[in-house]
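The sequence and the model come first.

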Amino acid sequence: MSGTGRPTVVVIGAGTIGLGWITLFLGHGLNVRVNSRAPDARSVVAQGLRTFAPTLLGGPRDPEELMERVSFEPDVARAVEDADIVQENAPEDLSLKQELFATIGASAPDKALLLSSTSTLLPDAMGARMADAGRLVVGHPFNSPHIVPLVEVVGGAGTAAEAVDEAVGFYRSVGKVPVVLRKPIARFVANRLQSALLQESIHLVREGVVTMEELDTVVTQSIGLRWSTIGPFHSFHLGGGEGGLLKWLSHLGVGLEASWAELGRPRMTEETIASLGGEAEALFGAKSYAELAQERDRRHVAVLQALDAAAGPSGTAR
């Protein structure tokens, strides 16, 4: 623990997810040490803060003031030598992460909480080269980490139960909504749900049923709106009226298996990728990444604030 009484937080990597975590941690008053070997890491983080700090929950922050609490250390071992919390954001390469966590495990204090933002890999696999992987926990965020509340907390067979509890406590302290998965599963929950919807979205666009813009409109004006307030099971429980989910499944749900069989299975060929990429560029290319990200985050914040207001003083918004 640092002299301020706040944990020493180290963020490994300054890509899109790493920048989101950096912004979130700084926004909650923490000091952040960034480990990145990129020669322009300082300017990358500064630009990331300029993009993300104005849309933080609770109101905009001054990116220059946040930057004053960022330090940089390009060597992994030195970066984590006194860490309380490590949030790793390296590319999704198992060998790379195994090597990285072997170094982190050997260099960080025994009490340090070692968290990974991986979206596909499991903790036991990532910690295979560590002498003791008991402090390694997956803390998988949903982009953007500095706005979207969810973080999926995943332990493995080698993960100590108290490490999972500590991860949950830490994430709650910075405003996240942690969900502990009851068992490890590849790509976790949110990504699996997102992938299923994306599969059919690509199929419908490639079949010429709707354009990409129209597909996005269908989602935001129907299921996206619904799912921002209640989840799928809650929704279909209400769809069954007074009889609830049991009635819905017994009557309207009898054709579900047939409808699942009709879902498209698009092939991600070079032609498909080029077609989707071209349409996306025509649709979104007039604005910069920073403009699109800030527009997205303002909308996310507005939804979250509206949900908090709708819950009332004694309710639970999320």
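Trp21 is buried, at a relative accessible area of 0%. The model is predicted, and the values below are computed from it.

**Aromatic contacts**

Phe25 is also buried, with 0% relative accessibility. Trp21 and Phe25 both sit in helix α1 (residues 16-27), four residues apart, so about one helical turn separates them. An α-helix has 3.6 residues a turn, so residues three or four places apart point the same way. A search of the whole structure turns up five aromatic pairs. Trp21 and Phe25 make one of these, and the pair is stacked. The angle between their planes is 20°, and stacking requires under 30 degrees. Another pair joins Phe170 and Tyr171, and this one is tilted. Phe170 and Tyr171 are both buried.

| Pair | Centre to centre | Angle between planes | Class |
|---|---|---|---|
| Trp21 and Phe25 | 5.3 Å | 20° | stacked |
| Phe170 and Tyr171 | 5.6 Å | 50° | tilted |

How are Trp21, Phe25, Phe170 and Tyr171 linked? Ring pairs connect these four residues into a cluster.

**Helix α1**

Helix α1 has twelve residues, so at 1.5 Å a residue it should span 16 Å. Its end C-alpha atoms lie 17 Å apart, which agrees. Is α1 mostly covered or mostly exposed? It is mostly covered: ten of the twelve residues are buried. Among them are Gly18, Gly20 and Gly27. Leu19, Ile22, Thr23, Leu24 and Leu26 are buried as well. Just after α1, Gly29 adopts a positive phi of about 85°.

The UniProt record, an unreviewed entry, annotates residues 6-27 as "transmembrane region". In the model, that stretch is 55% helix and 18% strand.

Notes: Residues are numbered from 1 along each chain as its sequence is written. This is a predicted model: local features need pLDDT of at least 70, side-chain atom pairs count only at pLDDT 80 or more; totals for chains, interfaces and linings use all residues. Side-chain values use heavy atoms; hydrogens and water are left out. UniProt positions are given in the numbering used here, feature names are shortened, and annotations may be inferred rather than shown by experiment. Helices (H or I, at least four residues) and strands (E, at least two) are DSSP runs, numbered from the N terminus. Rings of Phe, Tyr and Trp (its six-membered ring) pair if their centres lie within 6.5 Å; planes under 30 degrees apart count as stacked, over 60 as edge-to-face and the rest as tilted. Buried means under 20% relative accessible area, exposed over 50%, partly exposed in between (1.4 Å probe, protein chains only). The expected span of a helix is 1.5 Å times one less than its number of residues.
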